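Subject: Structure for you to look at

Dear colleague,

I am handing over the structure we spoke about, with the sequence alongside, and I would be glad if you kept both open while reading the notes that follow.

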Amino acid sequence: MNFTQTHERLRQELLRRIQRGTVSGSLLARQTGLAQSHLSHFLRSKRQLSLDALDRVLAAQHLAVSDLLPAMHQAAALEADDERSSVPIVSHAAALFEPFIRTVAAQSLLHLPGGMLQSVRSRVSSPRRTWQRFVAVRIQASDALAMEPLIFPDAIALLDRHYNSLIPYRPNRPNLYAVRHGAHLTLRYVEFLADRLVLRPHNTAFPVELMEVEPGETPNDLLAGRVALILNVL
């Protein structure tokens, strides 16, 4: 990871923390002794930080450079001689909101046959192109009920975050998506009708839900990604 990439990963991490309310620009300025305007320019990608300023921000936020590395770097180091692909298993919040999955955010790694992910096609909106593409999440029993028998409790869902288009991946077959429903992630078949997302369960005992698309958002913004693979734990 070069100097420019380090800056971008740090900027994304700070924006994530600001969005979650764990830090603010004024608090970061007090912690680091840097001018708030200087930090604001950095957060808006208008300038970079000096090495000294970079060190101050990392120290203030209790971060190391290794924390900014994508979890895939850790996987590559562990499996340099193994013909497998590794995908980080993360929390639902990380899958929804974190463009880059830090090593410390990976709960574990999902190991897949080598080359399996290379043939997966993408359809991604521009803002999502810079996100780390593949992540995996665990599905709790309460979340799995509406999708049984396709998905069982404690299943692992592999998400392609570079497929947030409503165009079917395969003709005449509905895509299964990870959807941002409020602050939560849910798995559903999705359509867009009358300016609303229609969320359909696999289990017909559960209701179809309608989700309003908020002003300033598009339907694609609410799709965390297409579910590319389900691994049920039997």
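Please bear in mind throughout that this is a predicted model.

**Salt bridges**

There are eight salt bridges in the structure, and three of them are described here.

In helix α1, which covers residues 3-20, E13 and R17 sit four residues apart, or about one turn of the helix. These two residues form a salt bridge in which the closest N and O atoms are 2.7 Å apart, and both E13 and R17 are buried.

A second pair, D52 and R56, is joined by a salt bridge with an N to O distance of 3.0 Å. These residues belong to helix α4 (residues 51-60), and because they are four residues apart there, about one helical turn separates D52 from R56. As an α-helix has 3.6 residues a turn, residues three or four places apart point the same way. With a relative accessible area of 46%, D52 counts as partly exposed, and R56, at 33% relative accessibility, is also classed as partly exposed.

Which residues of α4 are buried? They are A53, L54, V57, L58 and A60. Viewed down the axis of α4, these buried residues fall within an arc of 165°, so they line one face of the helix. On the face turned away from that buried side, α4 carries the exposed residues L51, D55 and A59. Just after α4 comes H62, which takes a positive phi of about 55°.

**A patch of positive charge**

On the surface, R121, R123, R170 and R173 gather in a patch of positive charge. Of these residues, R121 can be found in the loop between β2 (108-113) and β3 (134-139), and because its relative accessibility is 46%, R121 counts as partly exposed.

**Backbone points to check by eye**

As background for this part, most residues other than glycine have a negative phi, and most peptide bonds are trans.

The loop between α7 (141-144) and β4 (155-160) contains P149, and the peptide bond that joins E148 and P149 is cis, with omega at about 5°. D154 also lies in the loop between α7 and β4, and although D154 is not a glycine, its phi is positive, at about 70°.

A further positive phi, near 65°, occurs at D195, again a residue other than glycine. D195 is placed in the loop between β6 (184-193) and β7 (196-200), and with a relative accessible area of 58% it is exposed, since the cut-off for that class is over 50%.

Key. Residues are numbered from 1 along each chain as its sequence is written. This is a predicted model: local features need pLDDT of at least 70, side-chain atom pairs count only at pLDDT 80 or more; totals for chains, interfaces and linings use all residues. Side-chain values use heavy atoms; hydrogens and water are left out. Patches are made of residues with over 30% relative accessible area and no salt bridge: like charges are joined within 9 Å, nonpolar side chains (Val, Leu, Ile, Met, Phe, Trp, Tyr) within 5 Å. Accessible areas come from the Shrake-Rupley method with a 1.4 Å probe; for residues, only the protein chains shown count as cover. A salt bridge is a side-chain nitrogen of Lys or Arg within 4 Å of a carboxyl oxygen of Asp or Glu. Lys and Arg count as positive and Asp and Glu as negative; His and the chain ends are not counted. The place of a charge is taken as NZ of Lys, CZ of Arg, CG of Asp or CD of Glu. Helices (H or I, at least four residues) and strands (E, at least two) are DSSP runs, numbered from the N terminus. Buried means under 20% relative accessible area, exposed over 50%, partly exposed in between (1.4 Å probe, protein chains only). The arc is that of the directions from the helix axis to the C-beta atoms.
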